[in-house]
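Work through the exercises below with the sequence and the structure at hand. Try each task before reading its solution.

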Amino acid sequence: MPDIFWEDFVEGEVKTFGSYEVTEEEIIAFASEFDAQPMHLDAAAGKASMLGGLAASGWHTCAIMMRLMCDGFLLRAAGQGSPGVTETKWREPIFPGDVVTLRRTVLQSRSSKSRPDLGLVTLKLELLKPAGSVALEQECVVLFNRRNPGARLA
Amino acid sequence: MNFFDEIQVGDREILGTHTFTRDEIVAFARKYDPQPFHVDEEAAKRSIFGALCASGWHTAATWMKYFVAYQQRTAAERISKGIPVPVTGPSPGFKNLRWLKPVYAGDVITYATEAREKLTPKSRPDWGMLIAYNTGTNQDGVLVFDFESRVFVQRHP
């Protein structure tokens, strides 16, 4: 049973979750299936590209962030999916051997007008590289069940 | 893809059509998004979605798969005509990605891209920034997924 509900996301809260080592093998496997561009498949082509080395597909980095969200809190939460992502910035490439972590900031929390059993949480998600720089920055909305439906109208 | 200066705002391409099988939905979700409604059919029936459906990132990454295949097709056509092939750079990101409807096991999604705006950054005179509107539409003609992409495209041969 989930133990994290909409009420548990407090505006302004910042938390860091998990760690994920991105291997060369996984970068190439993901790119082979979904993003078969040379800079995601081959070291020499990566070096010659704007990225400066074999680097993970941006879509791969989004998927890695999703996994860190799942393991960090979403699998314990009464999550009901996401209507979408306002913006994603791929700020720095992720290279083989990088160990990334997830930083989550709760930007906004509001109840659903049409579904009194649901609340919406706007999150800023950042994938941090070992030196602390931000590789990926994303703002998205996630729906959660309410622990006490109808108790508060935000 | 064509060189930046050849692309006209409004150009639209159908990239390809993909059938999302139950097995590949579960395989992707086990790796990257193991929420119950993406990995467990019984749990999915009880969820807000009502049946097993693909991770939104699976839907998005599959758009990229067909975009790359389209790029490879156009590159091969240009090579066969003896004309140069543009380099497309990395993307700084995207905006307004929406998962409008679930993509269920067995759904057939047609992906498309449409050129919306062309920017010429002064800092990179050899490159243009193409803003495109991208979509996924299911077998019933319902828009299930869209987003606005940004990508660097080489300006001239």
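Helices (H or I, at least four residues) and strands (E, at least two) are DSSP runs, numbered from the N terminus. This is a predicted model, in which local features need pLDDT of at least 70, side-chain atom pairs count only at pLDDT 80 or more, and totals for chains, interfaces and linings use all residues. Residues are numbered from 1 along each chain as its sequence is written, and chains are lettered from A and ligands numbered from 1 in the order in which they are written.

**Exercise 1.** Find the contacts of Trp63(B), leaving aside its neighbours within four places in sequence.

Solution. Two residues are in contact if their C-beta atoms, placed from the backbone, lie within 7 Å. With those neighbours left aside, Trp63(B) is in contact with Tyr111(B), Asn134(B) and Gly136(B).

**Exercise 2.** Describe how chain A meets chain B.

Solution. Start with the count: 29 residues of chain A are in contact with 25 residues of chain B. Helix H1 (24-34), helix H3 (58-72) and strand E2 (84-90) of chain A each supply at least two residues of the side that touches chain B. Then take the strands: E2(A) and strand E2 (residues 93-99) of chain B run antiparallel, joined by five bridges. Gly84(A) is opposite Arg98(B) in E2(B).

Terms used. Two strands pair if DSSP finds at least two bridges between them.
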